[in-house]
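User: Could you walk me through a helix and a sheet in this structure?

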Amino acid sequence: AALLMAFLRASLRAATHIGYATHISMAKVNYLLWESIERNQFVTAFYGILDGQNRTLSYSNAGHNPPLLVDSSGSHRFIERGGLPLGMFRDTRYHEYYLSFDVGDVLVLYTDGATEASNPSGEEWGRERLAEIVKANQGLSARELIASLQREILNWTDGVGATDDVTFFVIKALK
């Protein structure tokens, strides 16, 4: 898995340095992975380019968890746009999407280790619990919000922690 991630990172960096749009970069990386990995392997990925000046994100999603968007009023939605994971099929095409941020919006990217973390009775933490905790802690800094989410998962699992990797990435529109 570590070698696969290193290969993904190097391939994506090469595509981005050339200046390809997100969906073109994903298609090129998909082909490189398809050529290089076993047929039963694949990678999910979310690749975005943030324009902080205009508060917009152009992105492509290759089978990764749908990002959570919480607006300033506390409404939330999971952005269910995306394509197949990378490396599954030779000529998979990806789309580029755009997301505009208003002041107070929070976007949370996360790995499935977070939502699949189980409590002692086997119940998963889940996407709705993620949304509720983000809404309850929306005023925190991105770093503090991530720490809060990590604590909640640890509490949910009675201190055991998740059985898979847990990663959060938070974008907040401040002004």
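Analyst: Happy to! Helices (H or I, at least four residues) and strands (E, at least two) are DSSP runs, numbered from the N terminus, and the expected span of a helix is 1.5 Å times one less than its number of residues. This is a predicted model: local features need pLDDT of at least 70, side-chain atom pairs count only at pLDDT 80 or more, and totals for chains, interfaces and linings use all residues. Residues are numbered from 1 along each chain as its sequence is written, and side-chain values use heavy atoms, leaving out hydrogens and water.

User: How far does helix α5 reach from its first C-alpha to its last?

Analyst: Helix α5 covers residues 142–156, which makes 15 residues. At 1.5 Å a residue, the expected span is 21 Å, and the helix comes close to that, reaching 21 Å.

User: Within what arc do the buried residues of α5 fall?

Analyst: Buried means under 20% relative accessible area, exposed over 50%, partly exposed in between (1.4 Å probe, protein chains only). In α5 the buried residues are L145, I146, S148, L149, I153 and W156. Taking directions from the helix axis to the C-beta atoms, they line one face of the helix, because they fall within an arc of 160°.

User: Which exposed residues does the face of α5 turned away from its buried side carry?

Analyst: Opposite the buried side, that face of α5 carries two names to look for in your viewer. They are the exposed residues R143 and N155.

User: Which residue stands opposite I49 in β2?

Analyst: Two strands pair if DSSP finds at least two bridges between them. β1 and β2 (residues 56–62) run antiparallel, joined by seven bridges. In β2, the residue opposite I49 is S58.
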